[in-house]
Amino acid sequence: MEITPSGQACGATIAGLDLSKPLDDTTIADIRAAWLEHHVLAFPDQQLADDDLERFTLAFGPFGEDPFIAPIPGRDHIIAVKREAGELAPLFAENWHTDWSFQKDPPAGTCLYGITIPPTGGDTLYANQHAALEAMPDALRRRIEGKQAIHSAKNAYSPDGTYGEADRAKGRSMDIRPSSDAEATQLHPIIRQHPETGREGLYSCIGYIAGIEGMDQDEALALLMELYQWQTRDEFVYRHQWEPNMLVMWDNRSVLHRATGGYEGHARLLHRTTIGSQPA
Ligand SMILES: [Fe+2]
């Protein structure tokens with residue numbers, strides 16, 4: 001396999017593999033090593049059926065648990081990230097986040113396979129949170145050191161959240177299922193070591209962080225906003241451009257990501273799986 005780094009803050013393209021065939025252990029280990037180094041891997045020109053996407057995902061861990069979005073018919077672990085050509089609902093996942101960080105054991109990674117890709121726009125942005133922490137001014141770092149963030153999906157997936165009942169009325173094509181379960185909270189350290197590499201990074205951001213343990217709420221939100229501005233600076237960002245038949249896998253423990261628009265009038269469809277966290 002041939003690895004070409006993006007030249008940006010993270011990301012690499014992998015050529016020379018056919019992911020429609022089972023991979024041997026050496027190749028899986030090589031992909032994992034590249035994933036841990038580059039955080040976002042793109043595999044262009046792959047003809048993948050849903051079975052292939054599932055087999056690839058399972059080479060890197062168990063499936064994650066995906067709440068709030070119904071799987072596609074006939075599959076338990078694949079969701080469709082889609083938008084109709086004429087869809088008027090706000091863009092899905094346009095705010096920076098890392099997938100399901102409000103879970104006790106959030107997914108280690110996400111795999112996303114491009115099926116219908118518009119001719120322009122629809123880039124996915126990734127922000128390298130190891131780089132963001134390493135470059136962080138000491139004064140800001142001291143304010144978050146040792147702090148636990150209170151994660152919750154409530155702003156997104158509770159019945160009155162961004163993707164709640166009002167959103168359903170806007171004709172969104174994605175099968176989102178808001179629930180009061182989204183109001184649950186989960187603590188994670190703001191600065192934490194990557195469980196596989198040991199490298200320190202910032203974990204998640206204000207999208208799924210609703211407060212900071214032991215801190216006044218106004219003070220916490222101001223700090224989380226300031227942190228967010230730092231976490232998503234251009235210098236930490238890789239802009240990923242999609243092609244049809246491209247698979248991307250990213251490391252939710254290392255990067256934030258967000259969707260972008262710019263493809264009005266065009267349909268877009270990708271199939272997504274999550275890689276669950278490895279047993280310790
Ligand atoms: Fe996401």
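Let's start with Ser179: at 19% relative accessibility, Ser179 counts as buried, where buried means under 20% relative accessible area, exposed over 50%, and partly exposed in between, with a 1.4 Å probe and protein chains only. Ser179 sits in the loop between α6 (165–168) and β8 (185–189). Those labels come from DSSP runs, numbered from the N terminus: helices are H or I with at least four residues, strands are E with at least two.

Before I go on, a word on the model. It is a predicted one, so to speak of local features we need pLDDT of at least 70, and side-chain atom pairs count only at pLDDT 80 or more, while totals for chains, interfaces and linings use all residues. Residues are numbered from 1 along each chain as its sequence is written, and side-chain values use heavy atoms, with hydrogens and water left out.

Back to our serine. The side chain of Ser179 reaches the backbone nitrogen of Asp181 at 2.9 Å. Setting aside residues up to four places away in sequence, Ser179 touches Phe68, Tyr157, Ser158 and Pro159; contact here means heavy atoms within 4.5 Å.

Now compare two other loop residues. Gln46, in the loop between β3 and α2, counts as buried at 3% relative accessibility. Leaving aside neighbours within four places in sequence, Gln46 is in contact with Leu17, Asp18, Leu19, Ser20, Tyr113 and Asn245. Asp76, in the loop between α2 and β4, is exposed, with a relative accessible area of 65%. The C-alpha atoms of Asp76 and Trp250 are separated by 21 Å, and the two residues are 174 apart along the chain.

On to the metal, which I think you'll enjoy. Which residues coordinate the iron ion? They are His97 (NE2), Asp99 (OD) and His257 (NE2), at 2.1 Å. Donors are N, O and S atoms within 2.8 Å of the metal (3.2 Å for Na, K and Ca), and water is not among the atoms, so sites may look incomplete. Along the chain, the donors follow the spacing H-x1-D-x157-H. His97 lies in the loop between β4 (79–83) and β5 (109–116) and His257 in strand β14 (residues 255–259), so the pair ties together parts that are 160 residues apart in sequence. Both His97 and His257 are buried.

Next, the sheet. Seven strands form an open sheet in the order β1-β2-β3-β13-β5-β15-β4, with mixed pairing; two strands pair if DSSP finds at least two bridges between them. At the edges are β1 (2–5) and β4, each pairing on one side only. Within the sheet, strand β2 (residues 12–15) and strand β3 (residues 40–43) pair in the parallel sense over two bridges, and the bridge partner of Ala12 in β3 is Leu41.

Finally, helix α1 (residues 25–38). Its 14 residues should span 20 Å at 1.5 Å a residue, and the end C-alpha atoms are 20 Å apart, which agrees; the expected span is 1.5 Å times one less than the number of residues. Among the buried residues of α1 are Ile28, Ile31, Trp35 and Leu36. In general, an α-helix has 3.6 residues a turn, so residues three or four places apart point the same way. Just after α1, His39 takes a positive phi of about 75°. That's my tour, and I'm happy to take questions.

Definitions and conventions:
A polar contact is a pair of N or O atoms within 3.5 Å; within protein, one must be able to donate a hydrogen and the other to accept it, and residues adjacent in sequence count only if both atoms are side-chain atoms.
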